[in-house]
Amino acid sequence: MLSGRRLDLLDPASRDIEIADIAHGLARVARWNGQTRGPHVFSVAQHSLLVEAVGRHVAPACTDPDGLELLLHDAPEYVVGDIISPLKAAIGDAYRGVELRLLDAIRGRFGLPAPAPALARLVKQADRIAAHLEAIRLAGFAPEEAQRYFGPAADLPDRVLALAEPWPTAEAETRFRARFDALRSS
């Protein structure tokens, strides 16, 4: 880690988690295997910001701790990378176990409890809505194809749609970190 900490992937400790490492790493992990249009990749940091915005649109009563859960839902990928869904499915529980242990350590570091079932469902829903939007806008999917893989499109406001544009890496890192700080300070 850039922070100088060592993170044991098989037994991660909350004390070894730093938001600076997460923001830096997620801004450099490309969604869609980097196969998106434009001069910049669409990063997992950007996806995380999009998921948080979608979640708040879908559930306007979302609290800031709920927003942190949405924002950090893919945080383990700063270490393990964005392993595409078919590969995750092939590897099965071995990958999921590593991801869940990392997510538990991240939650512990930032004082977040495991999400209640309703929040876990919201995270999945927002993640799928974001993936549908990204698939069409960034990865060249036809609307029918995106619906088959991610479910139906959602009617999203322009402020949310604007997040589905690739940014330079430094901007993605800065915006992710700023959103995290805003959610934590309230």
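Helices here are DSSP runs of H or I with at least four residues, numbered from the N terminus. Axes are lines fitted to C-alpha atoms, for helices over the stretch in contact, and angles run from 0 to 180 degrees between N-to-C directions.

This is a predicted model: local features need pLDDT of at least 70, side-chain atom pairs count only at pLDDT 80 or more, and totals for chains, interfaces and linings use all residues. Residues are numbered from 1 along each chain as its sequence is written, and side-chain values use heavy atoms, leaving out hydrogens and water.

**Helix α10 and its partners**

Start with helix α3 (residues 64-71) and helix α10 (residues 169-185). Their axes lie 9 Å apart and meet at an angle of about 155 degrees. That makes α3 roughly antiparallel to α10; angles over 145 degrees count as roughly antiparallel, under 35 as roughly parallel, 65 to 115 as roughly perpendicular and the rest as oblique. The crossing of α3 and α10 is left-handed, meaning that the near helix is turned anticlockwise from the far one by less than a right angle.

Which residues make the contact of α3 and α10? From α3 come Asp64, Gly67, Leu68 and Leu71, and from α10 come Phe176, Arg179, Phe180, Leu183 and Arg184. Contact means heavy atoms within 4.5 Å. By class, the contact of α3 with α10 has five nonpolar, one polar and three charged residues. Ala, Val, Leu, Ile, Met, Phe, Trp, Tyr, Cys and Pro count as nonpolar, Asp, Glu, Lys and Arg as charged, and the others, Gly among them, as polar.

Helix α2 (44-58) also packs on α10, at an angle of about 40 degrees and with the axes 8 Å apart. The two are therefore oblique to each other. The crossing of α2 and α10 is left-handed. Ala45, Gln46, Ser48, Leu49, Glu52 and Arg56 of α2 meet Ala172, Arg175, Phe176, Arg179 and Leu183 of α10. This contact of α2 with α10 has five nonpolar, two polar and four charged residues.

**Salt bridges**

Side chains of opposite charge can pair when their charged atoms come close. A salt bridge is a side-chain nitrogen of Lys or Arg within 4 Å of a carboxyl oxygen of Asp or Glu. The structure holds eleven of them.

| Pair | N to O distance |
|---|---|
| Glu173 and Arg28 | 2.8 Å |
| Glu134 and Arg31 | 2.8 Å |
| Asp104 and Arg107 | 3.4 Å |

Glu173 lies in α10 and Arg28 in the loop between α1 (19-26) and α2, so the pair ties together parts that are 145 residues apart in sequence. Glu173 is partly exposed at 22% relative accessible area; buried means under 20%, exposed over 50% and partly exposed in between, with a 1.4 Å probe and protein chains only. Arg28 is partly exposed too, at 42%.

Glu134 sits in helix α7 (residues 117-137) and Arg31 in the loop between α1 and α2, 103 residues apart. Are Glu134 and Arg31 buried or exposed? Both are buried.

Asp104 and Arg107 both belong to helix α6 (residues 93-109), three residues apart, about one turn of the helix. Asp104 is partly exposed at 47%, whereas Arg107 is buried at 10%.

A network of salt bridges links Glu52, Arg56, Asp64 and Arg179.

**Ser14**

Ser14 is found in the segment before α1. Ser14 is partly exposed, at 25% relative accessibility. Not counting residues up to four places away in sequence, Ser14 touches Asp104, Ala105, Gly108 and Arg109.
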